[in-house]
Amino acid sequence: MEHNLPSLPYNYDALEPYIDARTMEIHHTKHHQAYINNLNGALRGHDALQEWEPERLIANLDQVPEAIRTTVRNHGGGHVNHSLFWPLLKKDVAPVGPAVAAIAKTFSSIDGFKKAFSEAAVKLFGSGWTWLALHDGELEIVTTANQDNPLSQGKQPILGIDVWEHAYYLLYQNRRPDYVEAFFNVINWERVNELYLAATR
């Protein structure tokens, strides 16, 4: 099974003015595609692993041969992370629903969550991601370096922000805090609720 680039559920300019169309196009067609190409290349000759869903690969890296493990971790992680990320972006979605209620309970309020999540994303050194994940039924904020994913830690991500510079540099340059602030205008809370319910079943 060859892994393929998923289509976006919106046009590249759909997140303007918070995330610009050119960034979205490059991020999707160049960066995400490159992760997929490299993952497919690493898996050639490993017939059994080619049949695994990418999430299974990332959750079970210890079962991936050492010779290709780092490539699968980096590029398989990039594929998984971005495939999760794109549907989590949408403008004008109100923060309501079961996930939002659980977030407010865990972090005292939505504003409390925003503050904690934003601080984690801004302070993350170098390239990586900040996540909201479920672990043993509890919500927690997790940061991962590079293209690592909480799945590798036995945690289920339900929201994430890409803080690699390629995700924001054209519009925000070195102003990561501004990008993180803008991100809260394009969270698709409907999708967050779906992922939360799936993870708590």
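Predicted model: local features only at pLDDT ≥ 70, side-chain atom pairs only at ≥ 80, totals over all residues.
## The paired strands

Strand 1 and strand 2 pair in the antiparallel sense over eight bridges; strands are DSSP runs of E with at least two residues, numbered from the N terminus, and two of them pair if DSSP finds at least two bridges between them.

Residues are numbered from 1 along each chain as its sequence is written, and side-chain values use heavy atoms, without hydrogens and water.

Three strands form an open sheet in the order 2-1-3, with antiparallel pairing. Strand 2 and strand 3 are the edge strands, each pairing on one side only. From one strand to the next, the twist averages 25 degrees.

## Helix 9

Helix 9 (a DSSP run of H or I with at least four residues) covers residues 189-200.

The buried residues of helix 9 are W189, V192, N193, L195 and Y196; buried means under 20% relative accessible area with a 1.4 Å probe, protein chains only. Seen down the helix axis, these residues fall within an arc of 165 degrees, so they line one face of helix 9; the arc is that of the directions from the axis to the C-beta atoms.

## Helix against sheet

Helix 9 lies across strand 1, strand 2 and strand 3, running at about 150 degrees to strand 3. Angles run from 0 to 180 degrees between N-to-C directions, with axes fitted to C-alpha atoms, for helices over the stretch in contact. The buried residues of helix 9 pack against elements including strand 1 (128-135), helix 4 (66-85) and helix 6 (110-123), where contact means heavy atoms within 4.5 Å.

Terms used. Expected span 1.5 Å × (residues − 1). Buried < 20%, exposed > 50% of the residue type's maximum accessible area, 1.4 Å probe, protein only.
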